[in-house]
Amino acid sequence: MHKEIRLSGTGGQGLILAGIILAEAAVHDGREVIETQSYGPEARGGASRAEVIIADEAIDYPKVGVADVVLVMSQEACNRYAAQVKPGGLVVVDETNVKSVPDVAGARVVRLPITDIARHEVGRQVTANMVALGALVGIAGLATPEAAERAVRERVPKGTEELNLKAFRLGMELAMERARERARERARERVREASDAT
Amino acid sequence: MAMPVSYYLRTSKMPHIWCAGCGHGIVLGAVLRAIDSLGLDKDQVCVVSGIGCASRAPGYLDFNTLHTTHGRAIAFATGIKMVKPEMKVIVLTGDGDAAAIGGNHLIHAARRNIGIATVCFNNSIYGMTNGQYSPMTPTGSYASTAPYGNIEEPFDLCDLVYAAGASYVARGSAYHAILLWKLIAKAIATDGFSFVEAITQCPTYYGRRNKMRSAVEMLKWQKEHGVTVAGAAKMPAEDLAGKFRIGELGARTRPEYTRRYAAIIDAAQRGEGGERDA
Amino acid sequence: MPSKAGARLMQGNEACAEGAMAAGLRFFAGYPITPSTEIAEELALLLPKAGGKFIQMEDEIASISAIIGASLAGAKAMTATSGPGFSLKQEGIGFASYTEVPCVIVNVQRVGPSTGVPTAPAQGDVMQARWGTHGDHPIVVLCPSSVAETFALIIEAFNISERWRMPVVFLMDEVVAHMREKVTVPDVSQIAVAERPRPQVSPEQYLPYAAGEDLVPPMADYGTGYRYHVTGLTHDQTGFPTTKRIEVDALTRRLDAKMRMAAPHVTFVDEILVDDAEVVVFAYGITARAASRAVRDARAQGLKAGLIKAKTLWPFPDEHVRKAAERARAIVVPEMNMGQLVREVERAAAGRARVVGLSRVDAEPITPDEILARLREV
């Protein structure tokens, strides 16, 4: 395994913490990992990003160029980073904040109401980062759910563990549901194809 | 216990570098009498200095001694006091060292109220570099870098240090030598930051340029211009112009810094506090 | 008191703080500055738990001064800063160097000169680390290229500083300082920790700057009965000032000879695929990570490339460069500056191989592709 992941959005969405938790989950899984992030005033407003590389072998160069997995949580981040994805890669879009996605030929785009779920189902918009993390783990298998949950528990502020885990699990479920929908759609497509052929 | 002053001196390092008529020897004598009157163990006294004539003093003293960089003595002393709070840490400094290049360290040590006793040998001039004006040179005085007369106003160092938070401030002079050693003894005994300004004479570079050609004339000037705190209280303000107050100028009880830090260690080791935000 | 053994995700600055604690750090003084501040924040939390002391001083100069005082009082001491702060600390580094007071100075390099780009990496302080303070003096400068290496190498920095009684500069960069990687913290019993040599004679017989065969004078802590003098003036073996030419000469020559004696014990260099290499990259810090990838990619394309990764920048690892230059046709030196260590490489290679620099100064790290392209050119 060698996956390069970019989490992007605006300052205050908690993407740096999400990146750290993802990286820590990879350590719990026994993998090699590097996490880097944007620093300075931009981390407190404006564009924000965290980059994580998870691999089975030692990682030499720490910077992410064109990524395997991209999360975009704002329109600006989407415009800037969505297309920087490898063919066959994955772009996860928070459709609450992103209305238009540029053409990302060759990559799969998954639109999820990440911030809506945080706001309405978890009840706290600030947990959108954990919903997103759950979705990434669910869709892309970047970490085992056990390692990710342990990392969430260890890294979020004391007293907010259950709230954040709830958000993380809702994100996972959302991803699973989409995966099931996709499987059903594919099955329907196959049936259609089969019936067209006959 | 009353040991002779020579008990505290590295007499093998004599003769000292100070000029004939310099007041620094009198001030140093007052420091040693103060230490003696407190009965301090030489091994537990650390004397730290910066750069300048006064800062050469520690080399002649039989304690743990440290001659540092210009202006930084109090910062070096802070490290020593933090690691060894049980030691008596004394800084010997000059007016340029303490009030100009080291001014920031002086006010911040006072603000923290760390247990360091500072004695500032104020001779109103940079003697080591041959007589440039300092932040303590009186307005109108002459110096090698003030050939037309000094247009700057000097600090009242004692007021400055007290306002910054010191537990104890006092002023004496080479002329008022016995008062000086009593003030220094109180300063060293203070549990907190303490500061004594010792007015002293530099006949070589200050006196010569300012119509006081001999040490005797300069000591007479100290005698005539030094006013006790009690005396000053009874004098009208205009009579105090050009004079300096001597004696205890401020004393109060505030928590000492290394004691406060010891409480931090206790709390940390009990597992209290030290929360980190996410 | 290191944190508990095992694998953990750590930031570079955090690993620096944790490694320092494992090495026995008991006093830290610092001043906030990006991108090194997390070191101070971490130590403010960790030191009191171990009975150590932390203080945020009023400025950078006060910080280095305080750690020298603390070290004289017997504590292992460190300060951490970045570019502008490193400039301010130079006088103190000279004092520690001349008075042989062990201490560690961390400088997380950022774009400069002046305020530069505080949040972006550079490698512009390599020569300043060597020659920043005035006067002729030797110094050890170590430079990690990963978070795990930061943890291990800061322990070496303390060990060298204590063992040889000298300030050690720990030269990080913004990328290594801020990135997070897996660090496997060893069990405390597996960490070798050195102590400064302390006097074996009575206070009456103690000469604070009289050195034995290893040229390192034993050092007494203040407050332990050895009442001695320390001065930044040129001093003889008694510790007192001197202007005698023979003594002035002797002190500078002893400090230089001490470094020569220490050199084999303080030189850490990793050689990767150098033995049969036709082209070699000499790299350090974050740039060594890109170089490692470039060498791998070059080999995959059939080009016999190798890497000399210097973890000790000063004393300069002449011998490694000389040997590589005998076999390789060219040495490429990528640096995030306009060419600083490339000149040392040229000197050590002494014409045996072509030496080619590669500079990047736009606040971004050098990429593997840039190094690979240069390897293919030479």
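This is a predicted model: local features need pLDDT of at least 70, side-chain atom pairs count only at pLDDT 80 or more; totals for chains, interfaces and linings use all residues.

Student: In what sense do strand β2 of chain A and β9(C) pair?

Tutor: The general idea is that strands of a sheet pair through backbone hydrogen bonds, either parallel or antiparallel. In this case, β2 (residues 32-37) of chain A and β9(C) pair in the antiparallel sense, over two bridges. Within this pairing, A:I34 stands opposite C:E181 in β9(C).

Student: How many residues do chain C and chain B bring to their contact?

Tutor: Chain C brings 37 residues and chain B brings 36 residues. On the side of chain C that touches chain B, the elements giving two or more residues are β2 (27-30), α2 (37-49), β3 (53-56), α3 (60-72), α5 (90-99) and β10 (229-231) of chain C. Of these, α3(C) gives the most, with nine residues. By class, there are 21 nonpolar, ten polar and six charged residues on this side of chain C.

Student: In which sense does β10(C) pair with strand β2 of chain B, parallel or antiparallel?

Tutor: Strand β2 (residues 64-67) of chain B and β10(C) pair in the parallel sense, over three bridges. One bridge is formed by B:T65, whose partner in β10(C) is C:H229.

Student: What is the order of the strands in the open sheet that holds β10(C)?

Tutor: The order of its nine strands is β7(B)-β8(B)-β5(B)-β6(B)-β4(B)-β3(B)-β1(B)-β2(B)-β10(C), and the pairing is mixed. An edge strand pairs on one side only, as do β7 (226-228) of chain B and β10 of chain C. From one strand to the next, the twist averages 20°.

Student: Which helix of chain B lies across β5, β6, β7 and β8?

Tutor: Helix α8 (residues 215-225) of chain B lies across these strands, and α8 runs at about 30° to β7(B).

Student: How is chain C divided into domains?

Tutor: Chain C has domain 1 (6-190), domain 2 (203-266) and domain 3 (272-377). Taken over C-alpha atoms, the centres of domain 2 and domain 3 of chain C are separated by 38 Å.

Student: Which residues of helix α13 of chain C are buried?

Tutor: An α-helix has 3.6 residues a turn, so residues three or four places apart point the same way. In α13 (residues 368-377) of chain C, the buried residues are C:P368, C:I371, C:L372, C:R374 and C:L375. They lie on the same side of α13(C) because they cover an arc of only 165° around the axis. These buried residues pack against β12 (279-283), α10 (286-300), β13 (305-310), β15 (330-335) and β16 (354-359) of chain C.

Student: Which exposed residues does the face turned away from the buried side of α13(C) carry?

Tutor: That face of α13(C) carries C:A373 and C:E377.

Key:
Residues are numbered from 1 along each chain as its sequence is written. Chains are lettered from A and ligands numbered from 1 in the order in which they are written. Two residues are in contact if their C-beta atoms, placed from the backbone, lie within 7 Å. Helices (H or I, at least four residues) and strands (E, at least two) are DSSP runs, numbered from the N terminus. Ala, Val, Leu, Ile, Met, Phe, Trp, Tyr, Cys and Pro count as nonpolar, Asp, Glu, Lys and Arg as charged, and the others, Gly among them, as polar. Two strands pair if DSSP finds at least two bridges between them. Domain bounds come from an automatic or database domain assignment. A residue is buried if 20 or more other C-beta atoms lie within 10 Å of its own, exposed if 12 or fewer, and partly exposed in between; C-beta atoms are placed from the backbone. The arc is that of the directions from the helix axis to the C-beta atoms. Axes are lines fitted to C-alpha atoms, for helices over the stretch in contact, and angles run from 0 to 180 degrees between N-to-C directions.
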